Amino acid sequence: MNNSGIAVRLEEIKALIPEGVSLVAVSKFHPVEDIREAYDAGQRLFGESRVQELLEKIPQLPSDIKWHFIGHLQTNKVKAVIGKTSLIESVDSLRLLEIIDLESRKKGVNTDILLQVHIAQEETKFGFSPEELIHFFSHRTYDDFANVTIHGLMAMATNTDNKEIVRHDFEKVSLLREKLIKEISKTGMEINRSGKVNMNILSMGMSGDWPLAVEEGSNIIRIGSAIFGERAYKVT
Ligand SMILES: *Cc1c(COP(=O)(O)O)cnc(C)c1O
């Protein structure tokens, strides 16, 4: 037994999350012992943002853990993560999507992904602009990628204490998802039949803002510090 509080905080958050919303426990910068503690409390879905760290942790932990990759993925690291994740949430460029598709084809697998949208009022965040995504779906660009399935969108809100700005960011992504679904159906594509695109997922909300994200329609929340405590070092 120990009393780091991880299991307790996990239970508290799980009790507040509505049905139909999945919780990704973001374990980046936290040791495998902490992940094990969350695992023993029943958590099976974890998020990591660096390839090296993910690859070091996987063999030390039970194989029924599902890993979401949530950080900026460099193209030269793609090969190493293909087949290891249940979802790559942070696909932030066409170039990255191309490489994921290529490496998946080489390995004979299909890779499940989300497209990351840049919506926050910050220069530093990665992602597609809403306009790029509208173009992507209205031109059926996804047809070029036979070995990926696009499940929806991931986004981060502006890093501010102003709840109205945060809510507005989440609302914009939620409306964008609806618009993209319309664009897809305009092209004659039957969205849930294609096997390549379904847009069922909206991944938004972190420790400080997840209740707002859920109110705006998020169905995956990614929570780190509210479960594991503060990270040893800050990441961008
Ligand atoms: C680190 C991180 C999180 C978790 O952040 P917390 O504020 O610790 O909950 C969620 N999403 C992404 C993309 C992250 O990089």
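1. Basis of the note. The model is predicted, so that local features need pLDDT of at least 70 and side-chain atom pairs count only at pLDDT 80 or more, while totals for chains, interfaces and linings use all residues. Residues are numbered from 1 along each chain as its sequence is written, and side-chain values use heavy atoms, with hydrogens and water left out.

2. Strands β2 and β3. Helices (H or I, at least four residues) and strands (E, at least two) are DSSP runs, numbered from the N terminus. Two strands pair if DSSP finds at least two bridges between them. Strand β2 (residues 45–48) and strand β3 (residues 66–69) run parallel and are joined by four bridges. Within this pairing, F46 is placed opposite W67 of β3. Between β2 and β3 the chain passes through helix α3 (residues 51–57), and the β-α-β crossover is right-handed. A crossover has this hand if, with the strands pointing away from the viewer, the path from the first strand over the helix to the second runs clockwise.

3. Strands β3 and β4. Strand β4 (residues 87–91) pairs with β3 in the parallel sense over two bridges. F69 stands opposite I88 in β4, and H68 has L87 as its bridge partner there. Buried means under 20% relative accessible area, exposed over 50%, and partly exposed in between (1.4 Å probe, protein chains only). Five of the five residues of β4 are buried, so this strand is largely enclosed by the rest of the structure.

4. Strands β4 and β5. Strand β5 (residues 111–117) runs parallel to β4, and two bridges join them. Together with helix α5 (residues 94–107), β4 and β5 make a right-handed β-α-β unit. Strand β5 also contains D112, which counts as partly exposed at 27% relative accessibility. D112 and N147 are 35 residues apart in sequence, and their C-alpha atoms are 8.8 Å apart in space.

5. A pair of aromatic rings is described by the distance of the centres and the angle of the planes. Rings of Phe, Tyr and Trp (its six-membered ring) pair if their centres lie within 6.5 Å; planes under 30 degrees apart count as stacked, over 60 as edge-to-face and the rest as tilted. The count by this rule is four aromatic pairs. One of them is the tilted pair of F46 and W67, with 5.9 Å from centre to centre and 45 degrees between the planes. Because F46 lies in strand β2 and W67 in strand β3, the pair ties together parts that are 21 residues apart in sequence. F46 is buried at 0% relative accessibility, and W67 is buried with a relative accessible area of 4%.

6. A further ring pair. F137 and Y142 also form a tilted aromatic pair, at 5.8 Å centre to centre and with 40 degrees between the planes. F137 is buried, having a relative accessible area of 0%, and Y142 is buried at 1%. F136, F137 and Y142 make up one aromatic cluster.

7. A charge over a ring. Which residue has its charged end over the ring of Y39? The residue is R44, whose charged end sits 3.6 Å from the centre of that ring. The criterion is that NZ of Lys or CZ of Arg is within 6 Å of the ring centre and within 35 degrees of the ring normal.

8. The ligand. A residue is near a molecule or strand if one of its heavy atoms lies within 4 Å of it. The residues surrounding the ligand include V26, I70, M154, M156, M206 and R222. Polar contacts are pairs of N or O atoms within 3.5 Å; within protein, one must be able to donate a hydrogen and the other to accept it, and residues adjacent in sequence count only if both atoms are side-chain atoms. K28 places a polar side-chain atom 2.6 Å from an oxygen atom of the ligand. For R231, an N or O atom in the side chain is 2.8 Å from an oxygen atom of the ligand. G224 instead brings a backbone N or O atom to 2.8 Å from an oxygen atom of the ligand.

9. Backbone points to inspect. F29 is not a glycine, yet has a positive phi of about 70 degrees. F29 is found in the loop between β1 (22–26) and α2 (32–40), and is buried with a relative accessible area of 12%. M199 has a positive phi near 60 degrees and is likewise a residue other than glycine. M199 lies in strand β7 (residues 197–203) and counts as buried at 0% relative accessibility.
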